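Work through the two exercises below with the model open, and try each task before reading its solution.

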Amino acid sequence: MPQTILHVAVFKPLRHCFDYLLPEDESANNQPLKLGIRLLVPFGKSQVVGILLKVNHTACISVSKLKPITAILDKEPLLSPNLLSLYHWASRYYQHPIGEVMLGTLPILLRQPSPTILKQRVYTLTPEGKAIDIASLKRSPRQARLLVFLAAQSGNVTTAADIKQAGFDSNVIQNLLKKGWMVQVKKAINHSSSAVAQSLSIAHRTIELPLLLNADQKIAVEKITQAVGFQTFLLEGVTGSGKTEVYLQIIDCCLQQGKQALVLVPEIGLTPQTILRFVKRFSSPVIALHSKLSNKERLQAWMQIQQGELCTVIGTRSALFAPFAQLGIIILDEEHDPSFKQQSGFRYSARDLAIVRGQLENIPVLLGSATPSLETLHNVNTGRFLHLPLPKRAGSAIMPTFHLIDLRRKKLTHGLSHELLTIMEQHLQAGNQALLFLNRRGYAPVLLCQACGWVAQCTRCDAKLTLHQKPMRLICHHCTKEYPVIQACHLCQSKELVYIGLGTQRIEESLRERFPDTDIVRIDRDTSPSKHAIEKTLDNIRYGHKQILIGTQMLAKGHHFPNVTLVGIVNVDSGLYSTDFRATERMGQLIQQVAGRAGRMDKPGHVFLQTHQPAHPLLQTLIHQGYPAFAEKLLQERKSSQWPPFSYLGLLRAEATKSDRVLDFLMQAKKIAGSLLQKSPFKKSMLTILGPISAPMERKAGYFRGLLLFQAKERAMLQKWLTQFLTEVESNTTKSKIRWSLEVDPLELG
Ligand code: ADP
Ligand code: ZN
Ligand code: ZN
């Protein structure tokens, strides 16, 4: 009988597989091991938790060098076959080590070696304790009461905390233990009593009724609920068109069929309001998977989902890996949002993996957005996704009107035109709110010496320092390093220093002078230290009047402000002339999203955009014909320039403290790439290699950064090629003092 070899995923950034032996006594056990169970395995000098991927009789290295596993931690796998397949798919597609993909998305407690983590200490009655006649304990009333208390608990089991809370002290507990009427045991935690879901559902027992759908919503709900098996839908509807109502009714239908539902939202979207809307609608629990959960809460939520409890899970991108026992639908709201892409480590797109998961589970996937990404629109155009438009706002609210303010040859007051200020005044006088959007926090982005032209720069990055006030300091927005304010030029010692440009703090200051009697609220990363504080501010805005709101994109997403009738976008030009091929798409989405904050039934909204490029064709299309026409034009541009979605990208990044090391490494990689293309089954024409070039910001946080970009016409070929390419890069390059990584489908080329 040949040796049984176990292939195990461990939480290490290494691409090759890890093989272990099954000890003889376990082999003799004759129970086949199930894939997806956790094992404790020796790794170097320590013991780590791994996940069983494969069992067979061949190993990557000589069998004599293999070590036996230390312990089997689970009888039943924690991960369903579908989830295992998703992990394998993701690891292959994103060229990322399977161990990091799998264990990196598991609750931390499941990654720790103790096999007892799922258990807690509880007290239970012994058979002797159960047999006691309570009446015989007249002289020890407290002991009698504790026996009665325990007997009343389900399974005669309770925790020390519950006993104490019921008013018993440790003396009486010790007495019962000594007499052998009660014992302490370790028991698996009771997953159905998860704190997460209960605290939410108990607080709001009154269930809200579904709304009567309008014709477009009705078609959307019908199409999705009638879908048999896997199909991806795009629900395209402006803010307030009733997308969330569609989600709620689809989920309701899914729950009624006894299936679980998953809702993925952008990082900024998981607000208490969002969660409440779902909690109020369903009698079954709503589980929010967010970053504030403790490790134990996360594990509990995870187990609840795994055990198939009928529930709706709302979470940010990593909730995609929750172990659903019976998933019925995946909904991804604001599908265009860049936060669905993980930007470090295992760089995956939660949107794209949601579709893969939908395919594996054979269920519908619904993407929703007012401003769909070009990738998604392309998939609609080619027939892969089904388009469900919601062209009108629900109820009688109408879309805001757009106006351009030509900034050329105009005198500006701290970046604001006379025209915009006058309109603000009118809206405020009518008792309404005005919202100003500027995507730059701080006071001013440039500190310039007027005598010699020197500009204050970060010592660690190729970046200018931004002045912040309260407290006054200079901050690098790229590496977060802070500096004291500079009094004299570092080059010529002149004191003629000026601050140039505009941040949200500077706008706030100048508006306080201009509108002294108006309440002004600024929302950006500097003003909002806690989630709680933001919520309070947002509530004040929702119910407030005659206010000016100033904010960065924190203010642009997810919230609806019924009393805002005027939106001013301080500067749209940066999006029109950026070198990043996605910048214009982002700008269009942002304008549309900010505009969507404004107006309600009786108070239509107006959006004013300040620009030096009023005739720019894309800007004209966006404001006169709307986002769909704008996006269609951009798609044409992408097609003629062969950028995604008309090609597929892989980006090799390298960084080091010395710039020549970066260049050396990338040149070696380029050579490998070139010669690999000559080999079958590859062809030179299938791939374009661009670079090496420096990153747009060459030095960041003390590291020089360089890029090598691969652009391919075909996705499958690129995958195959990248796998071989990486294997060769790993074995054939000098990597001393170099950090490098490969990203598939990068969002940013920097
Ligand atoms: P979105 O998610 O597209 O922004 P919502 O679902 O939040 O849109 O709907 C916007 C507003 O319109 C909400 O106040 C919602 O209650 C209301 N609404 C949605 N659908 C309907 C409907 N069919 N009839 C009446 N009001 C609706
Ligand atoms: Zn100077
Ligand atoms: Zn810096």
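**Exercise 1.** Identify the polar contacts of ligand 1 with Glu245, Leu212 and Gln217, counting pairs of N or O atoms within 3.5 Å.

*Solution.* Begin with Glu245, where a polar backbone atom lies 3.1 Å from an oxygen atom of ligand 1. Next take the nitrogen contacts: a nitrogen atom of ligand 1 is 2.8 Å from a polar backbone atom of Leu212, and a nitrogen atom of the ligand is 2.8 Å from an N or O atom in the side chain of Gln217. Finally consider cover: ligand 1 taken alone exposes 560 Å², of which the protein buries 67% (Shrake-Rupley method, 1.4 Å probe).

This is a predicted model, in which local features need pLDDT of at least 70 and side-chain atom pairs count only at pLDDT 80 or more, while totals for chains, interfaces and linings use all residues. Residues are numbered from 1 along each chain as its sequence is written, chains are lettered from A and ligands numbered from 1 in the order written, and side-chain values use heavy atoms, leaving out hydrogens and water.

**Exercise 2.** Determine which residues coordinate the zinc ion (ligand 2), and with what geometry.

*Solution.* First list the donors (N, O and S atoms within 2.8 Å of the metal, or 3.2 Å for Na, K and Ca): the SG atoms of Cys449, Cys452, Cys489 and Cys492, at 2.3 to 2.4 Å. Then check the angles, which run from 106 to 113° among the 4 donor atoms, so the site is tetrahedral because four donors count as such if all angles lie between 85 and 135 degrees. Along the chain, the donors follow the spacing C-x2-C-x36-C-x2-C.

How values were computed
Tetrahedral: all angles 85-135°; square planar, octahedral: opposite > 155°, others 65-115°. Polar contact = N/O pair within 3.5 Å; in protein donor to acceptor, adjacent residues only side chain to side chain.
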